[in-house]
Amino acid sequence: MISRVGPWRAAGYLVTGVLVGVPLLVGLLVLGVVGAALTPVLVGLPLLALVALTGVPVGAVERWRLRLMDPARVPDPHRTPDEPGLTAWARLRFGEPVTWRELAYAVLLACVLWPLDLLVLAGALGVPGAMLGAPVQLAVSGGDTRIAKLWLIDSYGQAFLCAAGGLVLLLVLLWPLALYARARAALARLCLAAREPEQRLAEVTRSRARLVAAFEAERRRIERDLHDGAQQRLVALSMKLGLARLDAPPELAERLTAAHEEADQVLGELRELIHGIHPQVLADYGLGDAIADAADRSAVPVEVDVRLPRFVESVEAAAYFAVREALANVGRHSGAGRAWISGRYGERLLRIEVRDDGRGGADPLAGSGLTGLADRLAVLDGTLTVDSPPGGPTVLCMEIPC
């Protein structure tokens, strides 16, 4: 919402609009002529990309100019690239709706808005200003003068009367000038500011990414504390029990032996728990080797065909635990004799497929664990597709953009 401002700030907003619009029109014309004259493939396409991104700096300047009409700063609606470099920046900008709104606004400013601004300024300030200067113009001309190419003035009485009329006209026209400037600023805000649904979606996306990162960091901290703390103390306890059993009398040795075996069992369970929290093979060697390790631990024989690069921790963790959940479902519910896992990465999409030769009939709504698996992927904008006709086979396709 544009606040009410004084007429002189409104006039300043329109004057700076002209100062921005004129060089913008010249620049767009030059780029268009150069792009049409040069080789389209080698030079024309980069120029077209440059023209498409012209709206980005224009939008930044216009958002800054809006502070003449409203002191509240208009936030930049553009997102920050996840990766450094010009290519990542350009890829993100071309995919944002606000980039194209800024381009449309830049073309509108260059072709329509600044001439309108100039016309309004000339009518609201130029004509009254010329009338106010009638006595000075008459004195300079030495005879008669024509005010704004409209009225012939040949005496100082007429000149002062014209100046008084110019003052009244100026005071009358300042109000519609401010109204036009407010409408003009509202149009700019509509085109250049982040729309509320987009702003909320961007904030939700950023907060979700922060939550995922915090969750993974907490998972790693718990795994590290268990590994370096509780596990080491259990190992020391097991060793002490083993040494104590060697020197103990027979009746006490049996109890120490039982306690030693119990400590070893607890240690094994703790190691499995640590492995389930965040397996070391995932951190050290990546998703491909971690999936192969999960397949080796599966109750059903699994063939693995996975060729994947390294990804960020959140993507690797989500994909790994989704595969583990899928293998657990195969072992519990499918009655399968074999399973197959394939994984590929292309076009910024991680795609993993888990297939088994079981009885089929898997239903995500039947509480088989598929709903939780889909929710795990949805945190990263991933999707789960289930194809499981009665009689099998069952195919789970997991896709994560990254």
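This is a conversation about a predicted model, in which terms are set against the values behind them.

Biologist: What makes helix 12 and helix 13 roughly antiparallel?

Modeller: Their packing angle is about 170°, with the axes 10 Å apart, and because angles over 145 degrees count as roughly antiparallel, helix 12 is described in that way relative to helix 13.

Biologist: Which residues make the contact between helix 12 and helix 13?

Modeller: Helix 12 contributes Ala318, Phe321, Ala322, Glu325, Ala326 and Asn329, while helix 13 contributes Leu370, Leu373, Arg376 and Leu377.

Biologist: How do you know that the span of helix 12 is close to what is expected?

Modeller: Helix 12 has 22 residues, and the 30 Å from its first C-alpha to its last can be set against the 32 Å expected at 1.5 Å a residue. Just after this helix, Gly335 takes a positive phi of about 70°.

Biologist: Why is Glu347 called exposed?

Modeller: The cut-off for exposed is over 50% relative accessible area, and Glu347, at 81% relative accessibility, therefore counts as exposed. This residue is found in the loop between strand 4 and strand 5, and its phi is positive, about 55°, although Glu347 is not a glycine. Arg348 lies in the loop between strand 4 and strand 5 as well, with a positive phi of about 60°, again without being a glycine.

Biologist: What makes a set of residues a nonpolar core, and which members of the largest one touch the most others?

Modeller: The members must be buried residues of the nonpolar kinds, joined through side-chain atoms within 4.5 Å. The largest such core has 37 residues, of which Leu287, Ile341, Leu350, Ile352 and Met398 touch the most other members. Among the elements that give two or more residues to this core are helix 11 (287-297), strand 4 (339-346) and strand 5 (349-356), and the largest share, 11 residues, comes from helix 12. A second, separate core of 29 residues includes Ala10, Leu24, Ala178 and Ala185.

Biologist: Where does UniProt place the feature "transmembrane region", and what is the helix content of residues 103-125?

Modeller: The unreviewed UniProt entry places this feature at residues 12-35, 41-61, 103-125 and 156-180. Over residues 103-125 the chain is 100% helix, with end C-alpha atoms 31 Å apart, and residues 156-180 are likewise 100% helix, their end C-alpha atoms lying 35 Å apart.

Notes. Residues are numbered from 1 along each chain as its sequence is written. This is a predicted model: local features need pLDDT of at least 70, side-chain atom pairs count only at pLDDT 80 or more; totals for chains, interfaces and linings use all residues. Side-chain values use heavy atoms; hydrogens and water are left out. Buried means under 20% relative accessible area, exposed over 50%, partly exposed in between (1.4 Å probe, protein chains only). Helices (H or I, at least four residues) and strands (E, at least two) are DSSP runs, numbered from the N terminus. The expected span of a helix is 1.5 Å times one less than its number of residues. UniProt positions are given in the numbering used here, feature names are shortened, and annotations may be inferred rather than shown by experiment. Axes are lines fitted to C-alpha atoms, for helices over the stretch in contact, and angles run from 0 to 180 degrees between N-to-C directions. Angles under 35 degrees count as roughly parallel, over 145 as roughly antiparallel, 65 to 115 as roughly perpendicular and the rest as oblique. Contact means heavy atoms within 4.5 Å.
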